Amino acid sequence: ARERLFGPSEDQPLEAAPVLLGTTELDQPADRRLEPEPRGMALLTALLLAVCLGIGLYPQPLLATINEVMRGLTFIQSF
């Protein structure tokens, strides 16, 4: 109980300090070099983003096309 209040006595040898996480070389992340994204992939991503935004903001033309296709595929016409 005395060690808790006053710390270790001078008669006892000092213990080594605990190793903290992240302080050793093994704890550090490996050095990685990220390659730049190919231009083709960047253009494809931008194109798909533009298509998604276009459909999201102006869905009427796509919905009209889907409606016409569905009417053409149905066997029984309901008007």
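Author: Let us begin with a record. For this predicted model, an unreviewed UniProt entry lists residues 41–58 as "transmembrane region".

Reader: What share of residues 41–58 is helix, and how far apart do the end C-alpha atoms lie?

Author: The span is 94% helix and 0% strand, and its end C-alpha atoms are 25 Å apart.

Reader: In which helix is confidence lowest, and in which is it highest?

Author: Confidence is read from pLDDT, which runs from 0 to 100. The lowest mean, 61, belongs to helix 1 (residues 2–6), whereas helix 2 has the highest, at 96. Across the protein chain the average is 80, and 67% of the residues score at least 70.

Reader: What percentage of the protein chain is buried?

Author: A residue counts as buried when its relative accessible area is under 20%. Of the 79 residues in the protein chain, 0% are buried. The accessible surface amounts to about 8600 Å², and carbon and sulfur atoms account for 64% of that area.

Reader: Which residues form the nonpolar patch on the surface?

Author: The patch consists of Met41, Leu44, Leu47, Leu48, Val51, Ile55, Leu62, Leu63, Ile66 and Met70, which together have about 920 Å² of accessible area.

Reader: Which helices supply at least two residues each to this patch?

Author: They are helix 2 (39–57) and helix 3 (60–73). Helix 2 gives the most, with six residues.

Reader: Why is helix 3 said to lie largely in the open?

Author: Helix 3 lies largely in the open because zero of its 14 residues are buried. As for its length, helix 3 reaches 20 Å from its first C-alpha to its last, close to the 20 Å expected at 1.5 Å a residue.

How values were computed:
Residues numbered from 1 in each chain as written. Predicted model: local features only at pLDDT ≥ 70, side-chain atom pairs only at ≥ 80, totals over all residues. Heavy atoms only, no water. Buried < 20%, exposed > 50% of the residue type's maximum accessible area, 1.4 Å probe, protein only. Areas by Shrake-Rupley, 256 points an atom, 1.4 Å probe, with all protein chains shown as cover. Patch = residues over 30% accessible without salt bridge, like charges linked within 9 Å, V, L, I, M, F, W, Y side chains within 5 Å. Salt bridge = Lys/Arg side-chain N within 4 Å of Asp/Glu carboxyl O. Helix = DSSP H or I, 4+ residues; strand = E, 2+ residues; numbered from the N terminus. Expected span 1.5 Å × (residues − 1). pLDDT = per-residue confidence, 0-100. UniProt positions renumbered as here; feature names shortened; annotations may be inferred.
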